[in-house]
Amino acid sequence: MAQQTLRPALLERLPSRVVGLLREIGALGDERGCHVYVVGGVVRDLLLGHVTLDLDLAVEGDGIAFARAVADRYRTGLAVFERFATARLVFPDGLKMDIATTRREFYAEPALLPTVQPAAIEEDLYRRDFTINAIAMQLNPGQFGRLLDVYGGQRDLRARRICVLHAGSFQDDPTRIFRAIRFEQRFKFRLEPGTLRLLTQAASTNLIQQLSGPRLQNEILVLFAERDPARAIARLAKLKLLRFLHGRLRYTMDVKRVVLAVPKAFAWWGSRSPDAVIDRPLVYLMALLSESSPAVIAAISKRLACSREQATKLSAGGKRLDRILKKLTAKGTLRPSQVYRLLVDLPDEALVLLVATQVSCQQAAQLSQLKRYLMAYEKNRAIATVLKGRDLQAMGLKPGPQYGAILGKLLDARIDGAVASEAEERAFVQKRIGALGDC
Ligand code: ATP
């Protein structure tokens with residue numbers, strides 16, 4: 001086994017309080033007679049010269065008892081997942097740490113979650129997805145910073161390649177197919193040829209079909225949360241993986257243009273509404289589905305076990321949005337209330353997508369018109385009528401469907417500036433009630 005120590009210069013990239021904490025936790029390992037390691041992404045990123053504070057610790061021994069001891073000492077929040085022999089700690093300053101018992105895993109059936117059994121660190125590293133994620137760094141005093149790199153992780157980091165640890169890896173866990181694309185695109189590494197062959201083989205079967213909705217959704221959205229999801233989406237398409245979302249989903253040139261335009265749409269949106277919280281990964285998914293029919297979108301929502309909120313947002317996109325975009329970019333001018341009515345049911349994610357779609361068309365005049373409408377809408381969506389249903393009742397109108405109709409017209413008039421005060425609202429409503437009486 002390679003005996004190496006992480007270069008101090010790399011370790012120093014971590015905040016000193018984190019290094020101090022890791023040293024103390026290593027000392028706690030000695031006190032309790034167990035070996036403690038930090039593993040996975042943090043070590044990989046340190047070796048690449050990056051800093052990640054998503055700390056994954058592995059303990060040779062009872063990881064959960066160790067996690068409880070750490071939680072007691074540092075008064076952290078603690079959540080224990082007995083089935084997976086893991087625990088999550090949240091330190092008072094917000095730092096998160098996962099602590100797990102080192103284990104081997106058995107996959108009773110492909111694509112299902114494994115059963116786990118305690119094992120030595122070497123076996124724990126062997127169950128991991130790729131060599132670059134299978135490097136551990138020991139924390140015990142005397143061994144602090146010692147790297148355990150049994151499977152050539154550093155070699156593959158240097159060669160900039162993604163490599164599985166064994167031939168059955170993608171069969172055991174097809175989420176690794178998406179993880180491979182994630183790391184390949186993020187680091188601009190390439191898939192080692194044998195790994196690419198195994199991935200293509202696994203992707204050509206129906207293994208991914210067997211993944212549960214939440215697991216597939218997680219992989220897709222985590223991939224779309226990367227800095228440049230357009231590359232990952234193109235890769236999914238090239239590897240014919242989009243069919244696992246829906247058999248009719250195609251990555252056409254038009255869809256590609258919309259996906260590529262999303263960053264510009266985010267930039268514009270962010271400059272207008274810096275505080276707006278946009279579900280960015282979902283916008284990328286919506287961009288990918290921008291030519292899909294409502295039926296295809298509904299099927300994808302179901303496949304991904306989307307929450308009601310996610311499904312509602314997704315269903316606002318697709319072909320349905322084309323009709324709205326056409327009206328907003330047509331010649332002539334819409335009244336502010338007409339714009340309001342076109343947009344009022346759309347979530348912000350769909351508004352961003354409207355901009356991306358129009359950016360992708362490269363028609364400057366229509367894009368400016370759309371942006372003008374959206375800016376006006378931003379202001380108008382806060383407008384409310386002074387009069388409410390009970391006021392209409394007090395004015396003598398019997399409760400019924402005409403309430404909604406009159407209040408809707410009143411809001412339109414407010415938005416268009418035709419009424420501007422409570423007195424004018426009352427006159428407006430009075431006139432409508434009168435007209436009803438005349439009928
Ligand atoms: P990121 O930088 O995207 O967070 P990460 O490598 O830290 O990447 P996590 O999902 O946090 O990824 O997982 C932590 C570690 O757990 C990984 O580095 C890897 O060693 C292991 N791991 C995670 N998911 C899998 C999987 N599906 N199969 C095998 N090992 C996995």
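Author: Start with handedness: a crossing of two helices is left-handed if the near helix is turned anticlockwise from the far one by less than a right angle, and right-handed if clockwise. Helices here are DSSP runs (H or I, at least four residues), numbered from the N terminus. The model is predicted: local features need pLDDT of at least 70, side-chain atom pairs count only at pLDDT 80 or more, and totals for chains, interfaces and linings use all residues. Residues are numbered from 1 along each chain as its sequence is written, and side-chain values use heavy atoms, without hydrogens and water.

Reader: At what angle do α17 and α21 pack?

Author: Two packed helices are described by the angle between their axes and the distance between the axes. Axes are lines fitted to C-alpha atoms over the stretch in contact, and angles run from 0 to 180 degrees between N-to-C directions. Helix α17 (residues 336-343) and helix α21 (residues 402-415) pack at about 125°, with axes 8 Å apart. They are therefore oblique to each other (under 35 degrees is roughly parallel, over 145 roughly antiparallel, 65 to 115 roughly perpendicular, the rest oblique). Their crossing is right-handed.

Reader: Which residues make that contact?

Author: Contact means heavy atoms within 4.5 Å. From α17 come P336, S337, Y340 and R341; from α21 come G408, L411, D412 and I415. By class, that is 4 nonpolar, 2 polar and 2 charged residues (nonpolar: Ala, Val, Leu, Ile, Met, Phe, Trp, Tyr, Cys, Pro; charged: Asp, Glu, Lys, Arg; polar: the others, Gly among them).

Reader: How does α16 lie relative to α17: roughly parallel or roughly antiparallel?

Author: The axes of α16 (residues 319-329) and α17 come within 10 Å and cross at roughly 165°. That makes α16 roughly antiparallel to α17. This crossing is left-handed. I324, K327 and L328 of α16 meet V339, L342 and L343 of α17. The contact has 5 nonpolar, no polar and 1 charged residues.

Reader: Is the crossing of α13 and α18 left-handed or right-handed?

Author: The crossing of α13 and α18 is right-handed. The axes of α13 (residues 280-288) and α18 (residues 348-361) come within 10 Å and cross at roughly 55°. V283, M286 and A287 of α13 touch E349, A350, V352 and L353 of α18.

Reader: How many residues surround the ligand?

Author: There are 15, each with a heavy atom within 4 Å. The closest are R44, D173, R176, R182 and R186.

Reader: What lies 2.6 Å from an oxygen atom of the ligand?

Author: A polar side-chain atom of R186 does. An N or O atom in the side chain of R179 is 3.0 Å from a ligand oxygen atom. A polar backbone atom of D129 is 3.1 Å from a ligand nitrogen atom.

Conventions
Helix = DSSP H or I, 4+ residues; strand = E, 2+ residues; numbered from the N terminus. Polar contact = N/O pair within 3.5 Å; in protein donor to acceptor, adjacent residues only side chain to side chain.
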